[in-house]
Amino acid sequence: MTTKVITVSNQKGGVGKTTTAVNLSHALTLRDKHVLLIDLDPQGQCATKLGMDSQMGTYYFLTTQPGSSSEITFVRQWIRDTGRDYLHLLPGNSMTAAAQMMLSVQDQPISYIKELLKIFSKDRLDYIIFDTSPSVGGLQERAIWAADLVIIPTATEFASLDSLSKTVTTIHTLRDKKNWKGGLLGILPTFFDGTNESRDSILDLQATFKEKVLSPIHRATVLRECWSEAKTIFEYASGTRAAEEYRSLASLVLKY
Ligand SMILES: Nc1ncnc2c1ncn2[C@@H]1O[C@H](COP(=O)(O)OP(=O)(O)OP(=O)(O)O)[C@@H](O)[C@H]1O
Ligand SMILES: [Mg+2]
């Protein structure tokens, strides 16, 4: 079986990466897909947003050399059952930053994370989804290189469009210079609120990225509230527009 890898990335903070990674993961499991969400952000928020403890699973994933079956078993032991059917999490915490440091000191190849994903080859996963941290660096680049598809959430305000171009440049560089075979699923406008500023920023995005601009996720208080309840949008407010928008994103992913 083939496992599709999706990386959610934007070096700008607070644009909805984790919200997207967590809700997209849950949406895919509700369509009977088996999903492993991997938290590459030292903030460890994927776990807390799912009502779980942040842990050093990602650290061990990134630093254990999977040479033998016992090492593979060791890393796989850090996969946590989220209590939701088909949804599994490799939780991260602040130690992920230490792993990132080691990676850059060791000057590991761009294929480093893709190679490590072989650890999960027996887990019968339909999707592996990476949530990444708001910075550029070795981890983000290698997570993009490991991806079949990349989603770039972008808040619909001018300030965040500037930083978007840096993430897009990274993608182009990886494709042109590092032989990356994956592609951009799309730019996901977030915090859309129908104001002129919001509309203009979508027009700006479309002028540059054309059909790669996905349907926006509206600014929605429920998306903020559900985190304090440690629930996904489908558990907290399944009948809302926000839930529908993340269901649509999952439908789009399923077409690839
Ligand atoms: N569409 C939305 N409407 C309203 N609030 C949202 C929306 N999307 C995300 N939020 C809220 O905005 C905050 C930032 O979102 P999130 O943590 O997903 O961003 P992030 O890009 O992962 O941030 P970081 O770069 O720090 O990892 C959170 O409190 C989240 O609940
Ligand atoms: Mg985040």
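Reader: Which residue in β7 does Pro 153 stand opposite?

Author: This is a predicted model, in which local features need pLDDT of at least 70, side-chain atom pairs count only at pLDDT 80 or more, and totals for chains, interfaces and linings use all residues. Residues are numbered from 1 along each chain as its sequence is written, and chains are lettered from A and ligands numbered from 1 in the order in which they are written. Strands (E, at least two residues) and helices (H or I, at least four) are DSSP runs, numbered from the N terminus. Strand β6 covers residues 149–155 and runs parallel to β7, with seven bridges joining them; opposite Pro 153 stands Leu 188.

Reader: In what order do the seven strands form the open sheet?

Author: Two strands pair if DSSP finds at least two bridges between them. The pairing in this sheet is mixed. The order is β3-β4-β2-β5-β1-β6-β7.

Reader: Which strands stand at the edges, and why is one side of each left without a neighbour in the sheet?

Author: Each edge strand has a single partner strand, so one side of it is left without a neighbour in the sheet. The strands at the edges are β3 (80–84) and β7 (183–190).

Reader: What is the bridge partner of Asp 81 in β4?

Author: β3 pairs with strand β4 (residues 87–90) in the antiparallel sense, over three bridges. Within β4, the bridge partner of Asp 81 is His 88.

Reader: How many of the residues of β7 are buried?

Author: A residue is buried if 20 or more other C-beta atoms, placed from the backbone, lie within 10 Å of its own; it is exposed if 12 or fewer do, and partly exposed in between. β7 is largely enclosed by the rest of the structure, because the buried residues number six of the eight.

Reader: How far apart are the end C-alpha atoms of helix α1?

Author: The expected span of a helix is 1.5 Å times one less than its number of residues. Helix α1 (residues 17–29) has 13 residues and should therefore span 18 Å. The computed distance between its end C-alpha atoms agrees, at 18 Å.

Reader: Which helices each supply at least two residues of the shell around ligand 1?

Author: The shell of ligand 1 has 18 residues, counted as near if the C-beta atom, placed from the backbone, lies within 6 Å. The closest are Gly 13, Lys 17, Thr 18, Thr 19 and Pro 134. The helices that each supply at least two shell residues are α1 and α10 (221–228).
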